[in-house]
Amino acid sequence: MRKRQIKERIHWLGAVDWDRRLFDSLIPLPDGTTYNAYLVEGSEKTALLDTVDPPMVDMLMAQLEDVPKLDFIVSHHAEQDHSGSIVPVLKKFPEAKVVSTPKARDMLIDLLRVPESAFVTVKDGETLSLGDKTLKFIHTPWVHWPETMVTYLEEDRILFSCDFFGSHIAAADLFVTDKGRVHEAAKRYFAEIMMPFRNVIEKNIEKLKPLHIQMIAPSHGQIQDQPAWIMEAYKDWIQSTPKNLVVLPYVSMHGSTKHMVDHFTSALVDRGVRVELYNLAVSDIGKLAMSLVDAATIVVGTSTVLAGPHPLAAYAAFLANALRPKAKFLSIIGSYGWGGKTVETLAGMIPNLKVEVLDPVLCKGLPSESDLRSLDNLAEAISRKHKENGLS
Ligand code: FEO
């Protein structure tokens, strides 16, 4: 992809990674991704905002071929997908200075071996004049690493937000054309990357309020030329009140747990509670993360393996604990053959979750009538708790 103009003397550079299907050897990328960099040419100085993932560096270097001079490389975030090509860009433009937060400087030196002498660090709110264009740097820690910042281009009212408001979508369209698709991808991205830091993200969104943002140019996905809706979506995702929703990740080896899950799902639906089910043997873990953004209750369904939870159920519990969703209630249902410590093991894996644990329902083999009544009682308790908390 060649470089593309966004506005006068502001260009998109970077790479569209149509084929990538996994990030961090963990996160599914059903729609690929992009690594967006931006070139801002002022009347006196030129700045490159972020770079690209190292496997894509040749594309960036080709786009920089006809750029005669680079004064600054702004690094919003020290993670490799945006800063991993700073060193080769510096080789082409040795006079350029790397602009970052002080914390990012330390991380870039340690993680990516960017030479210390190349740095200019900026304070929160500091500006940098490129002549007739002015970059204002706003520190936005924990979006999603401790060193992150964003840049506001004052004259053109563009926020260069790096991961903030981004989404993993590979697309030929530079600007958002399908809001529904981007909303889903951005929610998935928020769930996987941002959710554990939602309280500090709320403060960072507050910091952006005084700006007159007309466009958000993130480092993944398409540019938002109508940015109000994505900012509103973030506000919805970070708010502390969950929805009247049970997320039910489960795994069943011989069908007993599946039988319980089916019965329990109907019992919840009959009581007006929404349910989102994930068979962990086949599910996209990113979809599960998205459901965790909204769910008031998490119920893990698991078979028993070697006296404990199935490893896939343990994985789901580990994931939920790491993502720190806003859920208020949690329970466990499942089946065992001869006994075990499934409940104790899973309960011990979620210290980060501020949840009330509701009585689990474990049964031996196929659920009996009495076990099914216990599931009805659990559904009733969840419905009551949701109503008491005014969840809709
Ligand atoms: Fe897209 Fe946190 O890097």
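T257 counts as buried, because its relative accessibility is 1%, and the cut-off for burial is under 20%. The structure described here is a predicted model. Within it, T257 is found in helix 8, which spans residues 256–270. A polar atom of the T257 side chain lies 3.4 Å from the backbone oxygen of T302. When neighbours within four places in sequence are left aside, T257 is in contact with V251, S252, G301, T302, S303, G334 and S335.

In soluble globular proteins, nonpolar side chains tend to be buried together. The largest nonpolar core has 62 residues, and F165, L208 and Y234 have the most contacts inside it. Helix 5 provides the largest share of this core, 8 residues. Not counting residues up to four places away in sequence, F165 touches L159, I205, L208, I216, P218, Q224, I230, M231 and Y234.

The largest pocket has a volume of about 320 Å³. Its lining consists of 17 residues, of which L26, I27, E192, L319 and L323 lie nearest the centre of the pocket. Two or more lining residues are given by each of strand 4 (27–28), helix 5 (179–194), helix 9 (285–294) and helix 10 (311–323). The largest share, 5 residues, comes from helix 10. By class, the lining has 13 nonpolar, 3 charged and 1 polar residues.

Note on methods
Residues numbered from 1 in each chain as written. Predicted model: local features only at pLDDT ≥ 70, side-chain atom pairs only at ≥ 80, totals over all residues. Heavy atoms only, no water. 1 Å grid on protein atoms, 1.4 Å probe; cavity = no way out; pocket = protein on both sides within 12 Å on 5 of 7 lines; lining within 4 Å. Points joined across faces, edges and corners; volume = space filled by probe spheres on them. Helix = DSSP H or I, 4+ residues; strand = E, 2+ residues; numbered from the N terminus. Nonpolar A, V, L, I, M, F, W, Y, C, P; charged D, E, K, R; others polar. Buried < 20%, exposed > 50% of the residue type's maximum accessible area, 1.4 Å probe, protein only. Polar contact = N/O pair within 3.5 Å; in protein donor to acceptor, adjacent residues only side chain to side chain. Contact = heavy atoms within 4.5 Å. Core = buried A, V, L, I, M, F, W, Y, C linked by side-chain atoms within 4.5 Å.
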